[in-house]
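Please take a moment with the sequence and the model before reading on. The paragraphs below lead through the helices, what they cover, and the charged side chains that join them.

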Amino acid sequence: GNPLLFSCRSGAAISMPGMMDTVLNIGLNEDTVKALAKATGDERFAYDAYRRLVDMFGDVVLGIPHHDFEAEMDALKQETGVASEVDFNASQLKVLVERYLQVFSAHGKIFPMDPFEQLQAC
């Protein structure tokens, strides 16, 4: 079937535009990303959405420094000769997701593959 994805935002007593943390694409994992690729016919889109979830979840939910994810992206850009993240192809984004998951390990954390666990953690 088609994956159902969620986004969550931190709540605040008063509105502060641009200041709320957001986690997009909750529900993606190593299985649902394949279903999203199939449903959209765009594997690159699916893996870009997945890598964004892994990055945001690590940073916003688990407190892993965002620059650790950026360092992995910069390293992959250097290795592949890609100037911008928008130029990564699906295969390169798959590699980036794997590296992002290794960032979790380096911090003693695990990215939850269960969509319900992802949602509860937010």
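In which helix is Val54 found? Val54 is found in helix 2, where helices (H or I, at least four residues) and strands (E, at least two) are DSSP runs, numbered from the N terminus. This is a predicted model, in which local features need pLDDT of at least 70 and side-chain atom pairs count only at pLDDT 80 or more, while totals for chains, interfaces and linings use all residues. Residues are numbered from 1 along each chain as its sequence is written, and side-chain values use heavy atoms, with hydrogens and water left out.

Val54 is buried, with a relative accessible area of 0%; here buried means under 20% relative accessible area, exposed over 50%, and partly exposed in between, with a 1.4 Å probe and protein chains only. Leaving aside neighbours within four places in sequence, Val54 is in contact with Phe69, Tyr100, Leu101, Phe104 and Phe111, contact meaning heavy atoms within 4.5 Å. The C-alpha atom of Val54 is separated by 9.0 Å from that of Asn29, which is 25 residues away along the chain.

The axes of helix 2 and helix 3 come within 8 Å and cross at roughly 150°, the axes being lines fitted to C-alpha atoms, for helices over the stretch in contact, with angles that run from 0 to 180 degrees between N-to-C directions. Helix 2 and helix 3 are therefore roughly antiparallel to each other, because angles over 145 degrees count as roughly antiparallel, those under 35 as roughly parallel, 65 to 115 as roughly perpendicular and the rest as oblique. In this contact, Arg51, Val54, Asp55, Gly58 and Asp59 of helix 2 meet His66, Phe69 and Met73 of helix 3. The residues of the contact divide into three nonpolar, two polar and three charged, where Ala, Val, Leu, Ile, Met, Phe, Trp, Tyr, Cys and Pro count as nonpolar, Asp, Glu, Lys and Arg as charged, and the others, Gly among them, as polar.

Helix 3 also holds Leu76, which is buried with a relative accessible area of 4%. Not counting residues up to four places away in sequence, Leu76 touches Phe88, Gln92, Val95, Leu96 and Arg99. Helix 4 has 17 residues and reaches 24 Å from its first C-alpha to its last, close to the 24 Å expected at 1.5 Å a residue. Its buried residues include Leu93, Leu96, Val97, Tyr100 and Phe104, and what covers the buried residues of helix 4 includes helix 2 and helix 3.

How many salt bridges does a search of the whole structure find? The search finds seven, a salt bridge being a side-chain nitrogen of Lys or Arg within 4 Å of a carboxyl oxygen of Asp or Glu. One of them joins Lys94 and Glu43 at 2.8 Å, N to O, and this pair links distant parts of the chain, with Lys94 in helix 4 (residues 90-106) and Glu43 in helix 2 (residues 43-61), 51 residues apart. Lys94 is partly exposed at 32% relative accessible area, and Glu43 is partly exposed at 36%.

Another salt bridge joins Arg99 and Glu79, whose closest N and O atoms are 2.6 Å apart; here Arg99 in helix 4 and Glu79 in helix 3 are 20 residues apart. Arg99 is buried at 18% relative accessible area, whereas Glu79 is exposed at 53%. Asp74 and Lys77 meet in a salt bridge of 3.9 Å, N to O, and, being three residues apart in helix 3 (residues 66-80), they are separated by about one helical turn. Finally, Asp48, Arg51, Arg52 and Glu85 are linked in a network of salt bridges.

Technical notes. Expected span 1.5 Å × (residues − 1).
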